[in-house]
Amino acid sequence: MSPVQEALLLEEVKDNYTTVVNRSSTSIKSLIVNPLRQTASVLYEGNDVIYQYRKVPVFECFRVINTPDISLGMWVNKVLKAPGVLFSKTTLAN
C-alpha cells in the first residue's frame, strides 16, 4: 500500500469505535468499520478507489469485527450492497 493510500485510510480511523478488519482476502485489500457511525470504508484489490458506505447495519458491523471466519468479499456483497446502504467513492492520488 502506498503512503498516500495508507494516509487516506488512517484518516478514517478517528476514534476508538473504528476497527480495521485485518483478514486475508483475495478481493478486499482493506476494510474499516465503525458500528456507532454505521460506516464502512473498503479498498478493493487492484483498485485505487476507496468506497465509503453509510447506513451500514450496526449488527453487521459488529458481526464482521467479531467473527473471524466471515469472508470479507461475501460480507461486502451481502451487507454493503444491500438496499438502503449508501456509498461514495474517493480516488486515491499517487
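Reply: Two strands are taken to pair if DSSP finds at least two bridges between them, the strands themselves being DSSP runs of E of at least two residues, numbered from the N terminus. The model is a predicted one, in which local features need pLDDT of at least 70 and side-chain atom pairs count only at pLDDT 80 or more, while totals for chains, interfaces and linings use all residues. Residues are numbered from 1 along each chain as its sequence is written, and side-chain values use heavy atoms, with hydrogens and water left out.

Strand β2 (residues 28-34) runs antiparallel to β3, and six bridges join the two; within this pairing, L31 stands opposite V42 of β3. Strand β3 (residues 39-44) is mostly covered, since five of its six residues are buried, where buried means under 20% relative accessible area, exposed over 50% and partly exposed in between (1.4 Å probe, protein chains only).

For the aromatic side chains, rings of Phe, Tyr and Trp (its six-membered ring) pair if their centres lie within 6.5 Å, and planes under 30 degrees apart count as stacked, over 60 as edge-to-face and the rest as tilted. By this rule there are three aromatic pairs. One of them is the edge-to-face pair of Y44 and Y51, with 5.3 Å from centre to centre and 80 degrees between the planes. Both partners are buried, Y44 at 15% relative accessibility and Y51 with a relative accessible area of 16%. Y53 and F87 form a tilted pair, with centres 5.9 Å apart and planes at 35 degrees. Because Y53 lies in strand β4 (residues 49-54) and F87 in strand β5 (residues 86-91), this pair ties together parts that are 34 residues apart in sequence. The burial of its two members is as follows: Y53 is buried at a relative accessible area of 5%, whereas F87 is partly exposed at 48%. Taken together, Y44, Y51, Y53 and F87 form one aromatic cluster.

Methods
Helix = DSSP H or I, 4+ residues; strand = E, 2+ residues; numbered from the N terminus.
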